[in-house]
Amino acid sequence: MWTYSKKLQYPVKIKNPNPAAAKIIMTQLGGPDGELAASMRYLHQRYSCPYGEVTGILTDIGTEE
Amino acid sequence: MSEREMLLKRVQVCDFALMDAALFLDTHPENQMALDFYKKHLEMRKAAVDAYTSKYGPLVHTDYDGGPYWNWVEGPWPWQHQEEA
């Protein structure tokens, strides 16, 4: 299962707000080919994976994304 | 039920109780009864996690015991039966 940590993985400091870039980044996060969709694919593919260490790394990559 | 399953069940019971109490506390942050409940189960959870991880390996990779071998990717995974791991 997964847990939520109240922190960012990497510190973010926005010097110049840019709505156009923000839109692209939001799509990259939650859009059809974004991080969230990719993470779900990793976490589903690991169920049919025959090697323990690959199951492990798919779990960890999916978690990281 | 094997010892492993029993120790894991303890962690699961504590986690479930903590999750539910957290949902209540999100909207009742000063409720002493709920705070006491949370505290009690948090302590129980810590003991249960220590008991499990010292014998059966990590539940999260930060449970790493400092030893010479990284056993995080070892089965069984939660969806596997004992015999196929």
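This note goes through the predicted model of chains A and B point by point.

1. Conventions and confidence. Residue numbers start from 1 along each chain as its sequence is written, while chains are lettered from A and ligands numbered from 1 in the order in which they are written. Because the model is predicted, local features need pLDDT of at least 70 and side-chain atom pairs count only at pLDDT 80 or more, whereas totals for chains, interfaces and linings use all residues. The average pLDDT of chain B (the predictor's confidence in each residue, from 0 to 100) is 93, with 96% of the residues scoring at least 70. For the model, ipTM is 0.78 and pTM is 0.84.

2. Chain A. Three helices and zero strands make up the secondary structure of chain A, in the order α-α-α along the sequence; helices (H or I, at least four residues) and strands (E, at least two) are DSSP runs, numbered from the N terminus. Chain A is more spread out than a compact globule, because its radius of gyration is 15 Å, well over the 11 Å that the globule rule gives for 65 residues. That radius is taken over C-alpha atoms, and the globule rule is 2.2 Å times the number of residues to the power 0.38. Along the principal axes, the C-alpha atoms of chain A fill a box of roughly 45 × 25 × 15 Å. Of the 65 residues in chain A, 3% are buried, where buried stands for 20 or more other C-beta atoms within 10 Å of a residue's own, exposed for 12 or fewer, and partly exposed for what lies in between, with C-beta atoms placed from the backbone.

3. Chain B overall. The box filled by the C-alpha atoms of chain B is roughly 45 × 30 × 20 Å along the principal axes, and buried residues account for 8% of the 85 residues. Among contacts in chain B with a separation of 6 or more, 44% join residues 24 or more positions apart; a contact requires C-beta atoms, placed from the backbone, within 7 Å.

4. Helix H2 of chain B. Helix H2(B), residues 32-56, has 25 residues and reaches 35 Å from its first C-alpha to its last, close to the 36 Å expected at 1.5 Å a residue, the expected span being 1.5 Å times one less than the number of residues. His41(B), Ala48(B), Val49(B) and Tyr52(B) are buried in H2(B), and their cover includes helix H1 (3-27) of chain B. Gly57(B), with a positive phi near 90°, follows H2(B).

5. The nonpolar core. Val11(B), Cys14(B), Ala48(B), Val49(B) and Tyr52(B) form the largest nonpolar core, meaning a set of buried Ala, Val, Leu, Ile, Met, Phe, Trp, Tyr and Cys residues joined through C-beta atoms within 7 Å. H1 and H2 of chain B each give two or more residues to this core, and H2(B) gives the most, with three. Beyond its neighbours within four places in sequence, Tyr52(B) touches Leu7(B), Leu8(B), Val11(B) and Leu59(B).

6. Ala21(B). Ala21(B) lies in helix H1 of chain B and counts as buried because it has 22 C-beta neighbours inside 10 Å. Leaving aside neighbours within four places in sequence, Ala21(B) is in contact with Ala34(B), Phe37(B), Tyr38(B) and His41(B).

7. The interface. Five residues of chain A are in contact with six residues of chain B. On the chain A side, these residues comprise one nonpolar, three polar and one charged; Ala, Val, Leu, Ile, Met, Phe, Trp, Tyr, Cys and Pro count as nonpolar, Asp, Glu, Lys and Arg as charged, and the others, Gly among them, as polar.

Note on methods:
Contact = placed C-beta atoms within 7 Å.
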